[in-house]
Structures are given as C-alpha cells and as structure tokens.
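The tour below goes from one selection to the next.

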Amino acid sequence: MGRQPWHRYCPSCRYESADLAPLINEAYAHSQVNESERETALKSVRTENFKIIVERLARIAPPTAKRLLDVGSAHGWFLDEAAKRFSVVGVEPDVVVAQGALARGLPVRVGYFPHVLEDGECFDVIVFNDVIEHIPDIHSALEACRAHLDADGLLVLNVPRSTGFFYRLSKLLARLKWRGPFDRMWQKGLPSPHVHYFNERNLDRLVARHGLRPVQAFHLRALSADGLLERIRFAGQLHPVALYAQYAFLLCALPLVRLLPSDIIVCIYSKNG
C-alpha cells in the first residue's frame, strides 16, 4: 500500500518502490526539462558534496587504489573532483548530457552500465551518485558491480534517504492530499524517475545479498545557500513574489534544516575477499 497508485511500501523492512518508467533519450521526456536550468540548480550543492565523498574515499581506499568508475556521470562534476585522486572513467546513458561532458574532454562512455564495459574490466572504486535508485533491475546492477570490482574494491552508493526530513514531510503532505512534493521527490514525469527509496538498514541488507559488506556511512546536505534560488526556481513555476518568499524562508531556515534528519545518505561497501 502506498501514497499513490504507482507507489509501494513494505511495512516490515520499510523499503519503497515505484512503478515509474525511465524515459532516457526520449524526445518528449526531455522536452519537459530545461537541462541548462537543471544544471544551474544542482551544481553548487552536488559539487560541494562530491568533494566530501572524494575526501572520504582518499582516506579509506587502499594506497594502491587507482581506477574509479562513475556510473551515471552526467555533467562530469564528480569526475572533475575524483580525477584529483584517481584515474577516472564515466558511464552516462543520456546522450545529450554525455555529449556535453565529452565536449569538456572528460573520459565518458555513452551507454548503460555494465554493457559499455569490457569483459573482465575491473575498478578499485565504483560510484553511483544519485543513480542506483533510478535503476529498475537493481539486483543485476549490484551483481555487475561485484563482477567489475577488484578483490578489495569499494562500492559507493550516494542515495536519497527515506528517513530524511523533506521526504517524510512530502509523505505527510501526500496524506493530506497535496501530492506535488511527493511526486517531485520521486522525480515523477522526469526522464529518469526514482524507482527505489532506501534507508541505511534495508540498503545494507540488499547489498549484502551480493557479497558486499558495509564499511562506512555518512550524511550529506540536500540544500545549501549557494544555488538555492535556482533550485527553487527549477522545482516549479512560481510567481516572483512566491519564489522570493520561499527563498527567504529557506535561507533563514537552513541552520535549522541542518539539525534535522538528512535526506542524503552515502554508504560505502567493500567486496568480500
């Protein structure tokens, strides 16, 4: 039973799923998104978070770890940061977005993971930043991660968190018949909607089924002052008065928001020897 006809919720493990179909590379779906505005809205907070992830990886990865694969590398922001420590490769299925990264000289393969990898090609680190929750066949994706990780390889899953404040607020609003925020959290109507929502416990259990053990988990910010106005503007068509009112409210509320349960969790796993 879920909040919408397409939404499913398991009361025992609290895993959530959605019957939403990805429409990557379909012209109609892309016509609904201004990719330039989306990039502006997300770049600041994501690049800030990517620095934190790379710093953590630099501390826990073995000194011999060299090769890093970024699955769903999008505009290449994580590749830019990770290249300071690793030899990087990106995989991006969205042709338009991938071409933009390639134009900047980034090492991106256009296509789907793991099909664009060579047989037997392995990496020391495989990273999914806001990606694994979009993949319908998540079991096949995790099995492919195990197959393409070196013996002591690390898997990094940066995912939205079902116990985060904003997600739980959207569920409450959906119960009160205001479904817009809940649809937005699932990215309904976008080319690549969410099809999974996890918490730390059910994600650990899922990944363990594929022979990977948890090493470390930490939270990241979902909002930052930099780029906040652009993020609100991208989220919906608002009258300028409403836009700046929301911006002023959230800007003042940011110190409080940082004390509330985070909507982003990063879980790092190691391949069993």
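The stops below start with the whole chain and then turn to single residues and pairs.

**The whole chain.** Show everything as a cartoon; this is a predicted model. The protein has ten helices and ten strands. Of its 273 residues, 47% are buried. Among contacts with a separation of 6 or more, 72% are between residues 24 or more positions apart.

**Glu92.** Select Glu92, in strand β4. Is Glu92 buried or exposed? Its relative accessibility is 7%, so Glu92 counts as buried. Display the side chain of Glu92 and follow it to the backbone nitrogen of Ser73, at 3.5 Å. Beyond its neighbours within four places in sequence, Glu92 is in contact with several residues, including Gly72, Ala74, Val97 and Val110.

**Asp94.** Move along to Asp94, in the loop between β4 (87–92) and α4 (95–103). Asp94 has a relative accessible area of 9% and is buried.

**Salt bridges.** Side chains of opposite charge can pair when their charged atoms come close. How many salt bridges does a search of the whole structure find? The search finds nine.

Select Glu16 and Lys171, whose side chains form a salt bridge with an N to O distance of 3.1 Å. This pair links distant parts of the chain, 155 residues apart: Glu16 is in strand β2 (residues 16–18) and Lys171 in helix α6 (residues 165–175). Both Glu16 and Lys171 are buried.

Next, select Asp130 and Arg46, a salt bridge in which the closest N and O atoms are 3.7 Å apart. Asp130 is in the loop between β6 (123–129) and α5 (138–148), and Arg46 is in helix α2 (residues 35–60), 84 residues away. Asp130 is buried at 18% relative accessible area, whereas Arg46, at 21%, counts as partly exposed.

Then go to Lys84 and Glu81, where the side chains meet in a salt bridge at 3.1 Å, N to O. Lys84 is exposed, with 63% relative accessibility, but Glu81 is buried, with a relative accessible area of 14%.

For the last stop, select Arg67, Arg109 and Glu121 together: a network of salt bridges links them. Arg109 is also one of the residues in contact with Glu92.

Notes:
Residues are numbered from 1 along each chain as its sequence is written. This is a predicted model: local features need pLDDT of at least 70, side-chain atom pairs count only at pLDDT 80 or more; totals for chains, interfaces and linings use all residues. Side-chain values use heavy atoms; hydrogens and water are left out. Helices (H or I, at least four residues) and strands (E, at least two) are DSSP runs, numbered from the N terminus. Buried means under 20% relative accessible area, exposed over 50%, partly exposed in between (1.4 Å probe, protein chains only). Contact means heavy atoms within 4.5 Å. A polar contact is a pair of N or O atoms within 3.5 Å; within protein, one must be able to donate a hydrogen and the other to accept it, and residues adjacent in sequence count only if both atoms are side-chain atoms. A salt bridge is a side-chain nitrogen of Lys or Arg within 4 Å of a carboxyl oxygen of Asp or Glu.
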